[in-house]
Number of protein chains: 2
Amino acid sequence: MTDPKSSSVAENSPLQHIRIVMVNTFHPGNIGAVARAMKNMGVYELVLVEPLEFPHAEATSRAAGAVDILENARVVATVEEALEGCSLVAATSARRRGFAWPMQSARSAMQQAYSEASAGAKIAIMFGPERSGLPSETLRLANMHVYIPANPEYDVLNVASAAQTLCYELWVTHSEGALPEHEDKAEYPSHDAVEHFYGHLEEVLNHTGFINPKHAGDIMVKLRRLFTKARPEVGELKMLRGVLASIVKPKK
Amino acid sequence: MTDPKSSSVAENSPLQHIRIVMVNTFHPGNIGAVARAMKNMGVYELVLVEPLEFPHAEATSRAAGAVDILENARVVATVEEALEGCSLVAATSARRRGFAWPMQSARSAMQQAYSEASAGAKIAIMFGPERSGLPSETLRLANMHVYIPANPEYDVLNVASAAQTLCYELWVTHSEGALPEHEDKAEYPSHDAVEHFYGHLEEVLNHTGFINPKHAGDIMVKLRRLFTKARPEVGELKMLRGVLASIVKPKK
């Protein structure tokens, strides 16, 4: 389908800052279908976390004219590697969880992602395995949970359909050329910097006795949720690290 | 993917006036994938014009939870039969034709289709065979040609991806019309409870030495900004108070 008003994907297009991450994909055909959906919508970077079978003839066949995306795909062993360097991590979630994480619809989430990519940030959009979706511990690594509005009578989308929908929203935002009203000038820390903060926080709370290592419960999960809502900027994260350092000082 | 604000497909929903028409489909898997995309987005009526192979195990497998749509699908011999009773016929087109037809983007076309369906009209949305798309003589039967904005470097979408995109636009229009903006069930603490927290936080940071009382600067302002973004709920504020209490314990 051709967009008469379409723009091409320039060298420095914000779309080039967007990475699709497929976690533990079961059917290789879905990897190919996602690659095609990506290229159709101007998104080129694919990272696969432990796919069951890849490369595979069915992936190549379903990719059609997007075989280059498969050829350039990186296969990695962990979600952490896949998210490296990304300051906005969006996770798609197949089910409503009891646990309320900041949730956004496909359209507003992709507008925000495009806007942050335009400001130079690196973005990851994660898709889980076909049957189960992303496990809770992986969902917690995301800044944002994205839902695709769907029929409550059957709301589980095929992973390639979900990727198609999100990439389509990115391309529409891109081709409209108009950024959403909201311009967020903030600079956000990388995924790994945020994880270091959580590690430090847990260490300090063990030290103060707020966390009992034998009955840690879900305190860290609750704190992650709170800080995900706050989404600390680079300077704020540095300040929080300073607070932690002031609590547990090197022994004199 | 679940829409927390989703509406169900009521008996007399405008979506029930929308018919998907697949013409001369080559791969039965694509018929199944279209059925799934339809049901995910609340569209139930499928008509197949001379599919190469149907029914077929691959169609059933790719339909997943939408097998009912395949079972109720009508197979007909001509496009005319498939379009019977429809007052708006939208055709998707894989290529730009020399032939200038009224063309609309996916979003505006589906908004128009939904609006006409709401007024009681019967709508058909046609998809052509995988390799060639709809032939010109079939395109001429349409009131409207729909394009899906796409990357000019590779703008040929898989038929199920195209159906997913159009049905998604229909569902978004449907669910936006029906639903309240935002339902936030969280319980937030009172203004004074939050102020007590800030008082406690400042006291603790004086104690740890993070704040130098002589040069306090704007640390508390920065922390207020961060926690305002997080907007702690009642339980979260209680947890934060617990964290503070664990840092400065009563002298033993």
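In chain B, strand S5 and strand S7 (residues 144–147) pair in the parallel sense over 3 bridges, where pairing requires that DSSP find at least two bridges between two strands. Within this pair, B:Ser105 stands opposite B:Tyr147 of S7(B). Helices (H or I, at least four residues) and strands (E, at least two) are DSSP runs numbered from the N terminus.

The model is predicted: local features need pLDDT of at least 70 and side-chain atom pairs pLDDT 80 or more, whereas totals for chains, interfaces and linings use all residues. Residues are numbered from 1 along each chain as its sequence is written, and chains are lettered from A in the order in which they are written.

The open sheet of chain B holds 7 strands, ordered S3-S2-S1-S6-S4-S7-S5, with parallel pairing. Its edge strands, S3 (74–76) and S5 (103–105) of chain B, each pair on one side only. From one strand to the next, the twist averages 30 degrees.

Contact means C-beta atoms, placed from the backbone, within 7 Å; angles run from 0 to 180 degrees between N-to-C directions of axes fitted to C-alpha atoms, for helices over the stretch in contact.

| Helix (chain B) | Strands touched (chain B) | Angle |
|---|---|---|
| H1 (residues 28–40) | S1 (18–23), S2 (45–49) | about 165 degrees with S1(B) |
| H5 (residues 106–118) | S1, S4 (88–92), S5, S6 (123–127), S7 | about 100 degrees with S5(B) |

The contact between the chains takes 59 residues from chain B and 59 residues from chain A. On the chain B side, H7(B) gives the largest share, 8 residues.

Note on methods. Contact = placed C-beta atoms within 7 Å.
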